[in-house]
Amino acid sequence: LTSDRLAAAEGGPLYVRLQAMIRDAVESGRLAPNASLPPERELASTLGVSRVTVRKAIGGLVAEGLLRQRHGSGTFVAGEGKRFELPLSRLSSFSEDMRSRGLEPTARWLLRQVGMPSSAEAMILGLSPTERITRLNRLRLANGEPMAVERSLLPARLMPDPTIVEGSLYDALAAAGLRPVHATQRVNAENADEGDARLLGIPTGAAILAIERISHLADGRVVEFTRSHYRGDAYDFVAELKPG
Ligand code: 16G
């Protein structure tokens, strides 16, 4: 990305020419998938344009899906649209799913606390309204790339100290003898709100798959209620069907 190339870019307003230059750099492979762009300030000074122009150009390309923005780590070229296939009918964990693909699962904590449930939450977990619950909200990443935002609720009786969940919730539950053995899932399509979009590095309003899982222990007690928002551009959920 140089000022010479910017001068050579197709006419129109400056930010449009800047977009044309970046698009060309991506299409020609000079900017590879996942390559990061220089910081806004640096780009503005290299190209001799204002930061407002750079921001406007990049904002448009993020909305188009050519670039992604990751909170705190800048702007980079979107991946090559590789999609993950996940089984819809197995009681597996995010960490296991990613490891089985040779990817490193990590999490960024958004919330990890014990508190009182709303009446709806108490009902879902089958608790009395005075029983405390543990809330775990995480951004889930695979090799550093955001994949899903997960918000889990557990009875605090089963998970009194949420700080014991380091990487995998299911590993922490298994260690306490509380690995779920049965679950029901509901899947629906939604549009990412601003908060989730920022976390996932996708445009606001982009398609996401919202999955709710209620998991039970062998004795039937509910151990988790998790709402997962998966990037619609990164996931296919597949299920094996038998005649019913
Ligand atoms: C999966 C589950 C989620 C579970 C999590 C545990 C779906 C749709 N959801 O993301 O309910 O809480 O795995 O993963 O598959 P962890 O053990 O890596 O924390």
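Asn-143 sits in the loop between β5 (133-142) and β6; helices (H or I, at least four residues) and strands (E, at least two) are DSSP runs, numbered from the N terminus. Its phi is positive, about 50°, although Asn-143 is not a glycine. Is this residue buried or exposed, or something in between? Asn-143 counts as partly exposed, because it has 13 C-beta neighbours inside 10 Å. The scale works like this: a residue is buried if 20 or more other C-beta atoms lie within 10 Å of its own, exposed if 12 or fewer, and partly exposed in between, with C-beta atoms placed from the backbone.

Before going on, a word about the model. It is predicted, so local features need pLDDT of at least 70 and side-chain atom pairs count only at pLDDT 80 or more, while totals for chains, interfaces and linings use all residues. Residues are numbered from 1 along each chain as its sequence is written.

**The chain as a whole**

Eight helices and ten strands make up the chain's list of elements. Its C-alpha atoms fill a box of roughly 70 × 45 × 30 Å, taken along the principal axes. Of the 244 residues in the chain, 25% are buried. Take the contacts with a separation of 6 or more: residues 24 or more positions apart account for 60% of them. Here two residues are in contact if their C-beta atoms, placed from the backbone, lie within 7 Å.

| Pair | Positions apart along the chain | C-alpha separation |
|---|---|---|
| Ala-7 and Ser-118 | 111 residues | 58 Å |
| Met-116 and Pro-129 | 13 residues | 7.8 Å |

Ala-7 belongs to helix α1 and is exposed, with 11 other C-beta atoms within 10 Å. Met-116 is found in the loop between β4 and α6 (119-125); it counts as exposed because it has 12 C-beta neighbours inside 10 Å.

**The sheet**

Now for the strands. Six of them form an open sheet in the order β4-β5-β6-β9-β8-β7, and the pairing is antiparallel. Two strands pair if DSSP finds at least two bridges between them. At the edges are β4 (105-115) and β7, each pairing on one side only. On average, neighbouring strands of this sheet are turned by 15° against each other, direction ignored; axes are lines fitted to C-alpha atoms, for helices over the stretch in contact, and angles run from 0 to 180 degrees between N-to-C directions.

How many bridges link β7 (residues 182-191) with β8? There are ten, in the antiparallel sense. Opposite His-182 stands His-216 in β8, Gln-185 has Arg-213 of β8 as its bridge partner, and Arg-186 has Glu-212 of β8. Glu-212 also has a bridge partner in β9, namely Arg-227. Strands β8 and β9 run antiparallel too, joined by nine bridges. They form a hairpin with five residues between them, and Gly-220 in the turn has a positive phi of about 95°.

**Around the ligand**

Which residues come closest to the ligand? Ser-93, Ser-95, Ser-168, Leu-169 and Tyr-170 do, out of 15 residues that surround it; a residue is near a molecule or strand if its C-beta atom, placed from the backbone, lies within 6 Å of it. Several elements each supply at least two residues of this shell: α5 (94-99), β6 (145-155), α7 (169-175), β8 (207-216) and β9 (222-231). By type, the shell divides into five nonpolar, six polar and four charged residues. In that count Ala, Val, Leu, Ile, Met, Phe, Trp, Tyr, Cys and Pro are nonpolar, Asp, Glu, Lys and Arg are charged, and the others, Gly among them, are polar.

**Helix α2**

Last stop: helix α2 (residues 14-27). At 1.5 Å a residue, its 14 residues should span 20 Å, and its end C-alpha atoms are 20 Å apart, which agrees. The expected span is 1.5 Å times one less than the number of residues in the helix. In α2, Arg-17, Leu-18, Gln-19, Met-21 and Ile-22 are buried. The buried residues of α2 pack against α1 (3-8) and α4 (51-64). After α2 comes Gly-29, whose phi is positive, near 85°.
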